[in-house]
Structure formats: C-alpha cells, structure tokens
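Trainee: I am new to this protein and would like to learn how to read its features. Could we go through them together?

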Amino acid sequence: MTAQDELRLLPWAGPDGKPCYLSTGAHGGYVSRLADHIEAFQLGMASQLLEHARQVLDDDTEDLEELHLLTGQLASALRDVLRVATSRGLRPVTPGHH
C-alpha cells in the first residue's frame, strides 16, 4: 500500500458477520462508489424508518407484533447508520470529496 491508500470500512458485513474493508487509494474505484451508494441508501432508509416509528408511537399502538417488527427494523437501521458513521469517521477528509 502507498501512503495514499487507506482501509475503508464497507457498509456490509462478510458472510460470517465480520466487518469488510476495502483498500482504497486517492481515486475511488467501482467498489468504493458502490459502497457510497449503499451508504446513501441505508441513511435514506433509516430516515424513512424513523418517520414511520414516530407515526407508530404517535398512534399509541398496543399491537405488540407491530412494535416487535418496528424494534427489529430500528435495530438494523441503527447498525447500518453506526457502520456508516464509523466508516466516515475513519476516512480522512480530502479537499473536494465528501
């Protein structure tokens, strides 16, 4: 690896549930761009799920099955968002890149 290379935490886990990393350089390749798109999708889904959770909670639902499903979805979304935050926190900010 060169000095410009870094390990990027990808927004998905391996088959055994362990984190996946990509060795990246100054210019992102196909997998890096795919990871960017997946991160954006995950963040968008988390935002939509949060709005849905607000609606369910505002309705004062007593449907335990619905609450159980919502809790599972929120936990999954939180895992994804934390992985994105961790990944972005580990990457140095490069001028002209997000």
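Trainee: How many helices and strands make up the secondary structure of the protein?

Mentor: Helices (H or I, at least four residues) and strands (E, at least two) are DSSP runs, numbered from the N terminus. Here the secondary structure comes to 2 helices and 2 strands. Along the sequence they follow the pattern β-β-α-α. Before we go on: this is a predicted model, in which local features need pLDDT of at least 70 and side-chain atom pairs count only at pLDDT 80 or more, while totals for chains, interfaces and linings use all residues. Residues are numbered from 1 along each chain as its sequence is written, and side-chain values use heavy atoms, with hydrogens and water left out.

Trainee: What share of the residues in the protein is buried?

Mentor: Buried means under 20% relative accessible area, exposed over 50%, and partly exposed in between (1.4 Å probe, protein chains only). Of the 98 residues in the protein, 23% are buried.

Trainee: Let us take one residue, then. Is Glu39 buried or exposed?

Mentor: Glu39 counts as buried because its relative accessible area is 1%. You will find Glu39 in helix H1, and helix H1 covers residues 30-58. Leu10 is 29 residues from Glu39 along the chain, with 8.7 Å between their C-alpha atoms.

Trainee: Which residue forms a salt bridge with Glu39?

Mentor: A salt bridge is a side-chain nitrogen of Lys or Arg within 4 Å of a carboxyl oxygen of Asp or Glu. Glu39 forms one with Arg8, and their closest N and O atoms are 3.3 Å apart. That pair links distant parts of the chain, since Glu39 belongs to helix H1 and Arg8 to strand E1, 31 residues apart. Like Glu39, Arg8 is buried; the relative accessible area of Arg8 is 2%.

Trainee: What other salt bridge does Arg8 form, and how far apart are the closest N and O atoms?

Mentor: Arg8 also pairs with Asp36, where the closest N and O atoms are 2.7 Å apart. This pair too joins distant parts of the chain: Arg8 sits in strand E1 (residues 6-13) and Asp36 in helix H1, 28 residues apart. Asp36 counts as partly exposed because its relative accessibility is 36%.

Trainee: How many salt bridges are there by this rule?

Mentor: The count comes to 5. Another of them joins Arg79 and Asp80, with their closest N and O atoms 3.0 Å apart. Salt bridges that share partners also join Arg8, Asp36, Glu39 and Arg88 into one network.

Trainee: What distance separates the side chains of Glu39 and Arg88 in their polar contact?

Mentor: A polar contact is a pair of N or O atoms within 3.5 Å; within protein, one must be able to donate a hydrogen and the other to accept it, and residues adjacent in sequence count only if both atoms are side-chain atoms. The side chains of Glu39 and Arg88 are joined at 3.3 Å. Look also at Ser87, in helix H2. A polar atom of the Ser87 side chain lies 2.8 Å from the backbone oxygen of Leu9. Ser87 is buried because its relative accessibility is 1%.

Trainee: Which residues make the nonpolar surface patch of about 280 Å²?

Mentor: Patches are made of residues with over 30% relative accessible area and no salt bridge: like charges are joined within 9 Å, nonpolar side chains (Val, Leu, Ile, Met, Phe, Trp, Tyr) within 5 Å. Areas come from the Shrake-Rupley method with a 1.4 Å probe. This nonpolar patch is made by Tyr30, Val31 and Leu34. Leu34 lies in helix H1 and is partly exposed, with a relative accessible area of 32%.

Trainee: And which residues gather in the patch of negative charge?

Mentor: Asp and Glu count as negative, Lys and Arg as positive; His and chain ends are not counted. A charge is placed at NZ of Lys, CZ of Arg, CG of Asp or CD of Glu. The patch on the surface gathers Asp58, Asp59, Asp60 and Glu62. Glu62 sits in the loop between helix H1 and helix H2 (64-90), and Glu62 is exposed because its relative accessible area is 74%.
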